[in-house]
Amino acid sequence: MAPATTRTIMTVTVRPLPLRIQERLASRPYAPLLRRIGELGQQHEIPVYAVGGVVRDLFLDRPTTDIDFVTVGPGTGIRLARLVARALGGRTVHVYENFGTAAIRVPTPDRSGVFVLEFVAARRESYRKDSRKPIVEDGTLDDDLRRRDFTINAMAIDLWPSRWGTLIDPFHGRRDLRQRLLRTPLDPRQTFEDDPLRMIRAARFAAQLNFRVEPDTFAAMREKAHRVEILSQERITDELQKILCAPQPSIGFKILESTGILARIFPELVALKGVETIDGHRHKDNFYHTLQVVDNVARMTADRPCEDDAVWLRWAALLHDIAKPATKRFVPGTGWTFHGHEDLGARMVPRIFRRFKLPMDERMAYVQKLVRLHHRPVALVDEQVTDSAIRRLLFEAGDDLEDLMLLVRADITSKNPRRVRRYLEAFDRLEARMAEVEEKDRIRNFQPPVDGEEIMRTLGIGEGVAVGIIKEAIKEAILEGRIPNEHDAAFQYMMEIKDEALRRAALFEEMAASLKGPERRALGAIKEVIFKGELPADREEALAYLHRVKEEALAQAEEPA
């Protein structure tokens, strides 16, 4: 076999791909696309290269669906995209004139997915200090590879048939792949000064690929950590989502923490770090515990699609102990406690989601629910626990019970194998008990046996508080085991409590009508008592009691946080 030859295009040394990589490329489902695009490029005298992630993943033997192409010459990226779309039977081209890019979506050969082909003409970039948006000029392939974030993403494969399969690797990306190292093509300080998002991307690639950050690059991340403050929240959150979807997310979060970046973008998480000892009592480092729980969840959900599914369970793992710093107390003779951290943590979830510009819909509610309930199963492992407590967990967890129990199991991070085994066996018994109670009482996805329409029709009342009081009372009676989860029993119970429900509804309406302006802040506290509290039978005494509830609620609202 003849020795491999090298030649120079512009200032970039190129050489043929190794034979095993050529064979791997030939077996890839996108190989015919690359061949056709190279042919079109040569026919129309447009130099075209596959660049970045597709080249990196070819060497790492990872699947790829997003394929980037660089062409050389002003406007050639968009021009070649249109030629490719026509050659592929009239595919739609999405053109982004402002960025000089174009994209085409092509079904995979087995129709199970889509290749996203993105074309851009080679460019040179320069940056202003107060922005990560570059000033873009036409450039050479050499210029384009220089602007890439890491050497492993700064490789290209020539696609022209006459030069098919030659590798352009000016910054030794192959060597860094072999050493599993993340290094910037140019000076890392200037690279991160220009575009600080690349520091977070370093943590993301490290987590996705299980790579190390090269020492000088790591030092530059520490020096330039403050630059993340110019980034948009959406870009930061997108990278955090990708870190959470990595096989071992803790790698990325540890890099962000040790470089000082995490403190600037997620201070609540950094607040978990550290250990305190008083009188020989020491609590665990909740930062590293949290990361272990996230890794456990990632391992346990590896077979689930992450971006649209398991990522929210991973967010729940990341936030499950987020309120421990705020609830940490030392009790002499007992040690450290974090009472109420699950409830306070659940209340923190919407604020964190809003700041990160994450969805404020059922996905946020799901994370909030799991954070709030994650300690509940631990309290139910006692064999003496009542069916009522089991019913309440089944009711509150609903469809998310399996994910809750997965999170609870992931939360076991003890290094003592016997302790781990004891917890897991206890959770096995709890799950068997829950299955028995659910089989008997059908509490999951609970629907009231008597609905609002039937209540209004039977009692001759309209919509209002009385309907809610009756439905809540029936639900509580079922969860407490006082009546079975059946229509006739619930109907009979409704008839027994209807007069009290109507009395309470009238008291609520009278109180609500009396509240003026800021006093309406007390309405929630009054409603809580009306629905669930003890009330004197005498009307005047009941109203006096509700007025005291109002005054106490308003006084608490005035207290400084």
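Visitor: What is the handedness of the disulfide between cysteine 245 and cysteine 306?
Guide: The torsion about its S-S bond is about -85°, so the disulfide is left-handed. The sulfur atoms of cysteine 245 and cysteine 306 are 2.0 Å apart, where a disulfide is a pair of cysteine sulfur atoms within 2.5 Å. This is a predicted model, in which local features need pLDDT of at least 70 and side-chain atom pairs count only at pLDDT 80 or more, while totals for chains, interfaces and linings use all residues. Residues are numbered from 1 along each chain as its sequence is written, and side-chain values use heavy atoms, with hydrogens and water left out.

Visitor: Is cysteine 306 buried or exposed?
Guide: Cysteine 306 has 7% relative accessibility and therefore counts as buried (under 20% relative accessible area, with a 1.4 Å probe and protein chains only).

Visitor: Switching to aspartate 285, which side chain of opposite charge is nearest?
Guide: That is lysine 273, 5.4 Å away, and aspartate 285 is buried yet has no salt bridge (a side-chain nitrogen of Lys or Arg within 4 Å of a carboxyl oxygen of Asp or Glu). Lys and Arg count as positive and Asp and Glu as negative, while His and the chain ends are not counted.

Visitor: What does the side chain of aspartate 285 reach, then?
Guide: The side chain of aspartate 285 reaches the backbone nitrogen of tyrosine 288, at 3.3 Å.

Definitions and conventions. Buried means under 20% relative accessible area, exposed over 50%, partly exposed in between (1.4 Å probe, protein chains only). A polar contact is a pair of N or O atoms within 3.5 Å; within protein, one must be able to donate a hydrogen and the other to accept it, and residues adjacent in sequence count only if both atoms are side-chain atoms.
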